Amino acid sequence: MSSKPVAPALVSVNDSVTRPSREEALRAVRTLLAWAGDNPDREGLKDTPKRVVDAYAEWFEGYDADPAVELSRTFEDVQGYDDMVLLRDIEVESHCEHHMAPFLGKAYVAYIPTEKVVGISKLARVVEIFAKRLQTQEVLTNQIAEAIETHLAPAGVAILIDAEHQCMTTRGVHHRHVTTLTTRFTGVFKTDAALKDRFLHLARG
């Protein structure tokens with residue numbers, strides 16, 4: 001007699017948090033719609049709670065993913081390569097933890113391998129995992145760098161993120177086209193000014 005497969009446990013960044021049910025989430029969206037001043041039962045809004053909950057599942061899927069898994073498969077046959085590995089223009093789609101408003105931009109990720117490298121798509125995936133959580137840009141920048149440092153043990157890591165925050169452009173001060181730059185440098189990128197400048201030139205060039 002075959003048994004049904006067991007769904008994998010959720011990977012949470014906070015094990016003390018109990019995730020509400022989907023029905024509870026749907027009711028919460030209905031409450032917000034009513035609080036905003038509209039009727040959740042009118043034709044155009046009947047399916048909005050479902051669409052919002054589905055969108056949240058996609059926007060915040062990073063809580064159910066582990067960057068360590070992405071960085072666990074490495075390749076040691078680098079044949080003496082010890083220069084910079086740089087990915088440019090990685091899409092960043094995240095939400096600020098203060099207003100739950102999107103911030104959108106690009107990430108530039110580089111590291112200097114020592115004995116092993118990782119598939120380049122895995123670096124982009126690490127950015128995506130951390131971005132798909134409620135974030136500040138500063139913490140996001142640090143988390144990406146620390147994950148690469150921990151799992152690849154490179155000679156150095158360099159991260160630059162350039163993003164536009166809709167909590168600033170669509171509310172509050174309403175300043176459009178203002179972007180925020182954050183950086184993090186470790187190892188040789190922190191101690192070697194010429195290497196840091198080369199990264200910045202290549203990333204922004």
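Tutor: Start with a definition. Two strands count as paired if DSSP finds at least two bridges between them. Keep in mind that this model is predicted. Now take Tyr111, which stands opposite Val157 in strand 6.

Student: What makes strand 3 and strand 6 a pair?

Tutor: The bridge count. Strand 3 and strand 6 are joined by 10 bridges, and the cut-off is at least two. The two strands run antiparallel.

Student: How do you know that strand 2 and strand 3 pair, and in which sense?

Tutor: They share 9 bridges, in the antiparallel sense. The requirement is at least two, so the pair qualifies. Ile90 stands opposite Ala107 of strand 3. The hairpin of strand 2 and strand 3 has 5 residues between the strands, and Met100 there takes a positive phi near 55 degrees.

Student: What is the strand order, and why is the pairing called mixed?

Tutor: The order is 5-2-3-6-7, in an open sheet of 5 strands. Strands of a sheet can pair either parallel or antiparallel. Here strand 2 and strand 5 run parallel, while strand 2 and strand 3 pair antiparallel.

Student: What makes strand 5 and strand 7 edge strands?

Tutor: Each pairs on one side only. Strand 5 covers 134-135, and strand 7 covers 179-187.

Student: Why is strand 3 described as largely enclosed?

Tutor: Count its buried residues. Of its 11 residues, 8 are buried, so the rest of the structure largely encloses strand 3.

Student: What lies across the sheet strands, and at what angle to strand 6?

Tutor: Helix 5 (residues 137-152) lies across strands 2, 3, 5, 6 and 7. Helix 5 runs at about 155 degrees to strand 6.

Student: Why does Gln137 count as buried?

Tutor: Gln137 has 1% relative accessibility. Buried means under 20%, so Gln137 is buried. This residue belongs to helix 5.

Student: What makes the approach of Gln137 to His165 a polar contact?

Tutor: Their side chains come to 2.7 Å, and the limit is within 3.5 Å. The Gln137 side chain also makes a polar contact with the side chain of Thr182, at 3.0 Å. Other residues touching Gln137 include Phe103, Ile161 and Leu181.

Student: Which residues touch the most other members of the largest nonpolar core?

Tutor: Val92, Tyr111, Leu140, Ile144, Ile148, Ile159 and Ile161, out of 30 residues. Helix 5 gives the most to this core, with 6 residues. Leu140 touches, among others, Val92, Val127, Phe130 and Ile161. Apart from this core lies another, of 11 residues, among them Leu160, Phe185, Phe189 and Ala203.

Student: On to charges. What makes Glu146 and Arg184 a salt bridge?

Tutor: Their N to O distance is 3.7 Å. The cut-off is within 4 Å, so the pair passes.

Student: Is Glu146 buried, exposed or partly exposed?

Tutor: Partly exposed, at 41% relative accessible area. That value falls between 20% and 50%. Arg184, at 24%, is partly exposed too.

Student: How do you know that Glu91 and Lys106 form a salt bridge?

Tutor: Their side chains meet at 2.7 Å, N to O. That is within 4 Å. Glu91 sits in strand 2 and Lys106 in strand 3, 15 residues apart. Lys106 is partly exposed, at 26%.

Student: And what of Lys50 and Asp54: how far apart are their closest N and O atoms?

Tutor: They are 3.2 Å apart, in a salt bridge. Both residues lie in helix 2 (residues 48-59), 4 residues apart, about one turn of the helix. Lys50 is partly exposed at 46%, and Asp54 at 31%.

Student: How many salt bridges does a search of the whole structure find?

Tutor: It finds 13.

Technical notes
Residues numbered from 1 in each chain as written. Predicted model: local features only at pLDDT ≥ 70, side-chain atom pairs only at ≥ 80, totals over all residues. Heavy atoms only, no water. Contact = heavy atoms within 4.5 Å. Axes fitted to C-alpha atoms, helices over the stretch in contact; angles between N-to-C directions. Core = buried A, V, L, I, M, F, W, Y, C linked by side-chain atoms within 4.5 Å. Buried < 20%, exposed > 50% of the residue type's maximum accessible area, 1.4 Å probe, protein only. Polar contact = N/O pair within 3.5 Å; in protein donor to acceptor, adjacent residues only side chain to side chain. Lists of a residue's contacts leave out its neighbours within four places in sequence.
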